[in-house]
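Please look over the structure shown here before reading on.

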Amino acid sequence: MKTLTAIAALAGVLSFAAAAPAFAQAHGDHGQAHGAAAAHAHAHADFESGRFHVRIDGPEHPVGDVILIPGLSSSPHVWDELTEQLKGRYRVHRIHVQGFAGAPVEDNASGPVSAPVAEDLARYIAEQGLNRPAVIGHSMGGTIGLMLAARHPDSVGRLMVVDMVPFMGAMFGPPGTTAESVAPMADQIHGGMTAASDEQYQQQAAASVTGMINTEALRARPLQDAARSDRAVSSAAFRELIVTDLRSEIGRITAPTRVLYVKFNDPRMTDEITDSIYQASFAALPGATLTRIDDSAHFIMLDQPARFAAEVNAFLE
């Protein structure tokens, strides 16, 4: 079994930095569920925040609450199909981060995004009177979920992280990379994302979405969401992900945790290597259940909706 150090060395040859704007769009972005699922009605939560707003679906007397957090530059539509399956029993809270997918930037106009969103989510749970809801986060949403569960452990009843590690920055440097040592690389990537022309930025986003969603029919909405996201917010949020290392914090998580992930989209990254990365990354949370989902790209909920729904139902029940 390879260690994370060996994996980081391999990752270093994959030229992540050169493809960073594209990776930024792909790693935690966007998606749309099938057909008429996107058309269902929903309410908006009565909650004041400049960081996100919330769509709510579900019965008057739910068996519990589920919070769904999408990824970088993504809209809540990534959860449409799952929402349709859950809303008959659960009250579903879909987060829409300000600045992503057409939402006004508001308080996300400058500075970090994930950390303040996590703090406002803790406030949302308290003010709405939610009793230890289940939290499911995809990619950057997974980072937010980890922050929330580690920093406010009494707020979260269950946590699911979808295709995200606690320290993405390890992929951008040599063995032993830290948040501090990767910061210059993060700054360089951030500069490249903000300096690229609109045409370059959109071309790289389109290439990334193609690689991160195997189901061709479901790529149109993610491309639209990327085009409607504020570049400054997305760029700052991606830089924050690179320099955020939660490995020392995840041991404070008390909620039962399940991690779903896919094999990295590179022929050199085998199943064994991918498994090793996730096992080492979550070593400080030994109770976490790690499950690799095969035949899927980054957006598991789009490429493998039935398998994803089965995992979610098992996780909730």
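## Basis of the description

This is a predicted model, in which local features need pLDDT of at least 70 and side-chain atom pairs count only at pLDDT 80 or more, while totals for chains, interfaces and linings use all residues. Residues are numbered from 1 along each chain as its sequence is written, and side-chain values use heavy atoms, with hydrogens and water left out.

## The protein as a whole

The protein contains twelve helices and eight strands, where helices (H or I, at least four residues) and strands (E, at least two) are DSSP runs numbered from the N terminus. Of its 317 residues, 58% count as buried, a term that means under 20% relative accessible area, with exposed meaning over 50% and partly exposed in between (1.4 Å probe, protein chains only).

Among the contacts in the protein with a separation of 6 or more, 81% are between residues 24 or more positions apart; contact here means heavy atoms within 4.5 Å.

## Nonpolar cores

The largest nonpolar core has 61 residues, and those with the most contacts inside it are Leu121, Phe238 and Ile253. Such a core is a set of buried Ala, Val, Leu, Ile, Met, Phe, Trp, Tyr and Cys residues joined through side-chain atoms within 4.5 Å. Helix H5 (residues 140-151) gives the most to this core, with seven residues. Apart from this core lies another, of 27 residues, which includes Ala134, Val209, Met212 and Leu260.

Leaving aside neighbours within four places in sequence, Leu121 is in contact with Phe52, Ile67, Ile69, Ile95, Ile144 and Leu148.

Asp120 lies in helix H4 (residues 114-127) and, at 14% relative accessibility, counts as buried. Residues up to four places away in sequence not being counted, Asp120 touches Phe47, Ser49, Arg51 and Phe52.

The axes of H4 and H5, which are lines fitted to C-alpha atoms over the stretch in contact, come within 9 Å and cross at roughly 55°. That angle makes H4 oblique to H5, given that angles under 35 degrees count as roughly parallel, over 145 as roughly antiparallel, 65 to 115 as roughly perpendicular and the rest as oblique. Among the residues making the contact are Leu121 of H4 and both Ile144 and Leu148 of H5.

## Helices H7 and H8

Helix H7 (residues 198-212) and helix H8 (residues 220-227) pack at an angle of about 150°, their axes being 10 Å apart, and the two are therefore roughly antiparallel to each other. The contact is made by Gln202, Ala205, Ala206 and Val209 of H7 together with Pro222, Leu223, Ala226 and Ala227 of H8.

Notes:
Axes are lines fitted to C-alpha atoms, for helices over the stretch in contact, and angles run from 0 to 180 degrees between N-to-C directions.
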